[in-house]
Amino acid sequence: MKKHMNINRKIVIALFALLLIVSSCVTTRYERPDDVKSTELYRDNASEDTTSMADVAWDKLFSDPQLRSLIERGLAQNLNLKQAVERINASQAYLKQSKMAFLPTLQLDITSTDAKQSQRAVNAPPGLLQLTTHTNRLQLGTSWEADIWGKLRSAKRGALAGMLQSDASKRAIQTQLIADIANAYYNLLAFDKQLKITQETIEIRKQQVLTLTALQESGKVTSAEVLQSEANQYAAEVMVPDLQNKIWQAENLMNYLLGQGPGKIERGELDTQVIFADLRLGVSSQLLKNRPDVQAAEYSFISAFENTNVAKTYFYPSLTLTANGGFASFKIQEIFSKSLFYNIIGGLVQPIFNRGQNKARLRAAKAEQQVAFYNFQDVILKSGMEVSNALFSYQNATERELIRNKQIESLTTAVDNTRELLSNRSETNYTDVLSSEQNLIAAQMNGINDKLDQLQSVVNLYRALGGGWK
């Protein structure tokens, strides 16, 4: 008998080992595909230096204390960021739910039943006699599915990937929020500077009207030149409402990013902004660990990969153990002392007639997995493009600023000379003054845009590299 039991035990162990071997062939562990392109994504940049500005903390990137204060407020109050935090909480709950699937279920059932049975009475007048049976029942039931093929493990790994994806998405929102607040702030400073130059121009042109009016009275200029100077003053004044409208809307946008109602934004000046100069990119493969949206895309792919694993397990039998037991009695007061019962059942279920459904499920899962892979690769390529564009934009704006400064210097001298000649009425007229002034103002406005492009290109490069969440 003992020998027979040992043989049975060996058979069970052998069968269990065989199941483990077969199950390892059904589901597989995730490994990043070899055909994911993550190198040489930066155009005209072959540096192998792994130092990246993405590792710089955001409060070290920005020197303006008012901008840092606004970013801190945005990180605390922005509603999109708060939504992302709640999505993380939800995904953590789903992960916990997937872990609980490994444990057996337990149900408590309490029933009280009245059963009536009709039978013809013996030695009684024709008719039916109602017999009533009252039964009380208390039982516990449990069920447990053995994870033979790795379905539950794959579901758990998929839920974990979903939670990590939610966390990465939250960090991606954070990096974008920091960039949006900084860019909106610099836009405000640029509008302020443009408004200041416009107001200074208005005062100059008002003075020109007075000067030309005096020259007209002395017969040195014509009335047409006086009228032209007045029109020139109005042309500058009409720019003020447009700039004020832009400032108004830019402040409202900033308040929206901060998660608060509209109002005035306290800020510094464009000329005092220090541009972060240590623009090191690292290598493009670092985007896989630095950019949260790239991480989120890979976690989405992992989740789809595990869903495919789960779909494969439906082709194989499931082993479920169920047990229940309890007490039953005709009288409630005797329920714990009468009629103890229990049963244990083990069942192996092999799908037969739903094979078409299982095939459809697997095809759909594989297609979704391929979509997730393409999205993963797409986000990587887009990241490399954004880095290349931001760096070139910065270099271009820096080069323009150097040339623009020379242009502004020459135009300033030209304006001073034509104004002096006009006041002396020597070999010039007001049209020459107007032309040189307009060229100077245009150059100054473009110079503001050059500085703005530099500041925002650094911000965009920082975000493109994955900075802002570490």
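Buried here means under 20% relative accessible area, exposed means over 50%, and partly exposed is anything in between (1.4 Å probe, protein chains only). This is a predicted model, so local features need pLDDT of at least 70, side-chain atom pairs count only at pLDDT 80 or more, and totals for chains, interfaces and linings use all residues. Residues are numbered from 1 along each chain as its sequence is written, and side-chain values use heavy atoms, with hydrogens and water left out.

**Salt bridges overall**
- If you call a salt bridge whenever a side-chain nitrogen of Lys or Arg sits within 4 Å of a carboxyl oxygen of Asp or Glu, the count is 19.

**Helix α5 to helix α11**
- Arg-205 and Glu-437 pair up through their side chains, N to O at 3.9 Å.
- Arg-205 belongs to helix α5 (residues 151–217) and Glu-437 to helix α11 (residues 430–464), 232 residues apart; helices are DSSP runs (H or I, at least four residues), numbered from the N terminus.
- Arg-205 counts as buried at 5% relative accessibility, and Glu-437 is buried too, at 3%.

**Helix α10 to helix α11**
- Arg-463 and Glu-386 form a salt bridge at 2.7 Å, N to O.
- Arg-463 is in helix α11 and Glu-386 in helix α10 (residues 355–424), so this pair ties together parts 77 residues apart in sequence.
- Both Arg-463 and Glu-386 are buried.
- Asp-453 bridges to Arg-400, with the closest N and O atoms 2.6 Å apart.
- Here Asp-453 sits in helix α11 and Arg-400 in helix α10, 53 residues apart.
- Asp-453 is partly exposed at 28% relative accessibility, as is Arg-400 at 25%.

Definitions and conventions:
Helices (H or I, at least four residues) and strands (E, at least two) are DSSP runs, numbered from the N terminus.
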